[in-house]
Amino acid sequence: MGVGGYLLLPWRFLVVLSFRLLFLLPTGVPVRSGDATFPKAMDNVTVRQGESATLRCTVDNRVTRVAWLNRSTILYAGNDKWCLDPRVVLLTNTKTQYSIEIQNVDIYDEGPYTCSVQTDNHPKTSRVHLIVQVSPKIIEISSDISINEGSNISLTCIATGRPEPTVTWRHISPTAVGFMSEDEYLEIQGITRAQSGDYECSASNDVAAPVVRRVKVTVNYPPYISEAKSTGVAVGQKGTLQCEASAVPSAEFQWYKDDKRLVGGQKRVKVENRPFLSKLIFFNVSEHDYGNYTCVASNNLGHTNASITLFEINEPTSSALFQEEKTTAMTPWKAPGAVSEVNNGTSRRAGCIWLLPLLILHLLLKF
């Protein structure tokens, strides 16, 4: 119903009849529209839901009677209010303008409004159409969903508004990749783990800011081990074997050596598990600990394993370190440009050869 819908139905006939008498209209004779330059109403009036709409009608001093109607319902006749709707108020009633205001406009107020005047016993009318715009609103959207990799999914986002809003979907996790669908429905065939994350539905019609809702899509897949590296440790030292696996739901880890499962709580070995990482920690490695170990990662969609080796490395002994330090300490330091020890020895031998004849001559002369 429009703004006149507050009148009780039994009174409608009396209201219309009274209005005809008011303007001296013979029954059955239609009111003519647009055959004079006045009354002149506004162009179409567009307002947003919840705002106030002002309807103005331009008149002159020839007008003897004036009224505003909504369809067949009289809203105001002169200064007299004929409707019971408290939202409708008279703004202006002068020799040049006759205007009313509809407050807190709703969608049922949309429609034609008529300004009717009486001049020299000739009724004339002018019409204006009230257009009510409504902000977008998402009334239905898919719930968060968990689905296995390779399956097909359909997401739904239903929105209302006036004018009808445009609905778009986009994938915003881990990074925005642009619009994926300009429709209420988003279909994904054979979904992959890379397509998991948040999907954003946006509804917009330029009446107000776009309305945004999100749906979280979780893609389940079996584990795969991304890193399993062998490690070398000396006897008596602390060693760690590490196994990383990606999976949704998160993987459960188990460690084996020679088909024997290793569990935490042992004196020298500890198993430390996190959602995507497992560590096998040796606090004091012995000869018995060296060898191949198997890391098994599993969830309800499958399992996988990897072989990791803990191998021995030798540390330098204390006697070897001492001998190396002693050798280094006994080696003289030589400045740049110094003659090497080998060159010095050669020079001394060459000097002795030249002195030998002189020594013999000296001895012969002496005796």
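A residue counts as buried when its relative accessible area is under 20%, as exposed when that area is over 50%, and as partly exposed in between, with a 1.4 Å probe and protein chains only. Select Cys-83 to begin: with a relative accessible area of 4%, Cys-83 is buried. This is a predicted model, in which local features need pLDDT of at least 70 and side-chain atom pairs count only at pLDDT 80 or more, while totals for chains, interfaces and linings use all residues. Residues are numbered from 1 along each chain as its sequence is written, and side-chain values use heavy atoms, with hydrogens and water left out.

Next, turn to the disulfides (pairs of cysteine sulfur atoms within 2.5 Å), of which the structure holds 3. Select Cys-57 and Cys-115, which are joined with an S to S distance of 2.1 Å; the torsion about their S-S bond is about -80°, so this disulfide is left-handed. The pair links distant parts of the chain, with Cys-57 in strand β3 (residues 53-58) and Cys-115 in strand β9 (residues 111-119), 58 residues apart; strands here are DSSP runs (E, at least two residues), numbered from the N terminus. Cys-57 is buried at 0% relative accessibility, and Cys-115 is likewise buried at 0%.

Move on to Cys-157 and Cys-201, whose sulfur atoms lie 1.9 Å apart in a disulfide. Cys-157 belongs to strand β12 (residues 153-162) and Cys-201 to strand β16, so the pair ties together parts that are 44 residues apart in sequence.

Then select Cys-243 and Cys-295, joined by a disulfide with an S to S distance of 2.1 Å that is left-handed, with -85° about the S-S bond. Both Cys-243 and Cys-295 are buried.

Now select Asn-205, which lies in the loop between β16 (197-204) and β17 (211-229) and is buried, with a relative accessible area of 9%. A polar atom of the Asn-205 side chain lies 2.9 Å from the backbone oxygen of Val-134, and the Asn-205 side chain also reaches the backbone oxygen of Pro-163 at 3.0 Å. Leaving aside residues up to four places away in sequence, Asn-205 touches (heavy atoms within 4.5 Å) several residues, including Ser-135, Gly-161, Arg-162 and Glu-164.

Notes. Helix = DSSP H or I, 4+ residues; strand = E, 2+ residues; numbered from the N terminus. Polar contact = N/O pair within 3.5 Å; in protein donor to acceptor, adjacent residues only side chain to side chain.
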